[in-house]
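Try each task before you read its solution.

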Amino acid sequence: MWENLGSLSGTPWVYAIVSLSIVLDVFVPILPSGVLVIAAATAAGTGTAADAVGRVEATSAVHNGAHLAEMLSLVVCAATASVLGDMVAYRLAWRGGERFDRTIGRSRRLTAAQERLGTALTRGGGGIVVLARFAPAGRSVVSLGAGVAHRTVREFLPWSALAGLAWAAYSVSLGYFGSHWLGTSWVSTALSVLALVAAGSAAVFLMRRPERQPAPAPAH
């Protein structure tokens, strides 16, 4: 199976499938876009490991460089698709008006995210956008919340780009290094996915932490 994936990992179809999944999972968070990114990176990493065995050093260096370029291309592809999906959801929520307001009002989670996001981006706390990219459905909550709250593109886009790049680099690294450290078995992919889930759980924990209130000034 991994040999077949490895042969496909350099074709445009893999990038197209991964990109489409990432764009759409802002609307359907159950889509396994993270798993697809890890699987593609694992397959490419498997090809790197295979090239490194039984070849002269010069040839291996050429192949390793080609696979490194492939990894970087996968990161750029995943990050770009992530930002594109964010901006589509953001624009739809911006123009949705009362319909999106009613949708968010029926969800405590979306309502709380909208209220929190309303000041987070403007006061330089856009790091919540980066954290939300790792949390389950967090990307959807933040992108739709930013649109409904009418945050400006200047406020939202840079944080969306940073979030997409961080998520893509982390996911690709998990697949790539997992294939090198653990071989080509399903165990490497399973552990890489668990590491992605662990990052999501940590992001949820950090987002749910109550903000520290400033200590009251001593009475005179």
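Contact here means heavy atoms within 4.5 Å. Keep in mind that this is a predicted model.

**Exercise 1.** Work out which residues I22 is in contact with, leaving aside its neighbours within four places in sequence.

*Solution.* Start by skipping the sequence neighbours within four places of I22. Next, apply the 4.5 Å cut-off between heavy atoms. What's left is S33, V37, A78, A81, S82, R133, R139 and W167.

**Exercise 2.** Find the residues that touch the most other members of the largest nonpolar core, then say which elements build that core.

*Solution.* The core has 26 residues, and I22, V37, W167 and V172 touch the most other members. Now go to the elements: two or more residues each come from α2 (12-24), α3 (33-51), α4 (57-96), α9 (153-182) and α10 (186-208). The top contributor is α4, which gives seven residues. Then look for a second core: a separate one holds eleven residues, V83, V130, A146 and A163 among them.

**Exercise 3.** Describe the protein chain as a whole: its elements, its contacts and its surface.

*Solution.* Count elements first: you get ten helices and zero strands. Then take burial, where "buried" is under 20% relative accessible area: 43% of the 220 residues qualify. For contacts, keep those with a separation of 6 or more; residues 24 or more positions apart account for 79% of them. Finally, the surface: the chain exposes about 12200 Å², with 67% of that supplied by carbon and sulfur atoms.

Notes: Residues are numbered from 1 along each chain as its sequence is written. This is a predicted model: local features need pLDDT of at least 70, side-chain atom pairs count only at pLDDT 80 or more; totals for chains, interfaces and linings use all residues. Side-chain values use heavy atoms; hydrogens and water are left out. A nonpolar core is a set of buried Ala, Val, Leu, Ile, Met, Phe, Trp, Tyr and Cys residues joined through side-chain atoms within 4.5 Å. Buried means under 20% relative accessible area, exposed over 50%, partly exposed in between (1.4 Å probe, protein chains only). Helices (H or I, at least four residues) and strands (E, at least two) are DSSP runs, numbered from the N terminus. Accessible areas come from the Shrake-Rupley method with a 1.4 Å probe; for residues, only the protein chains shown count as cover.
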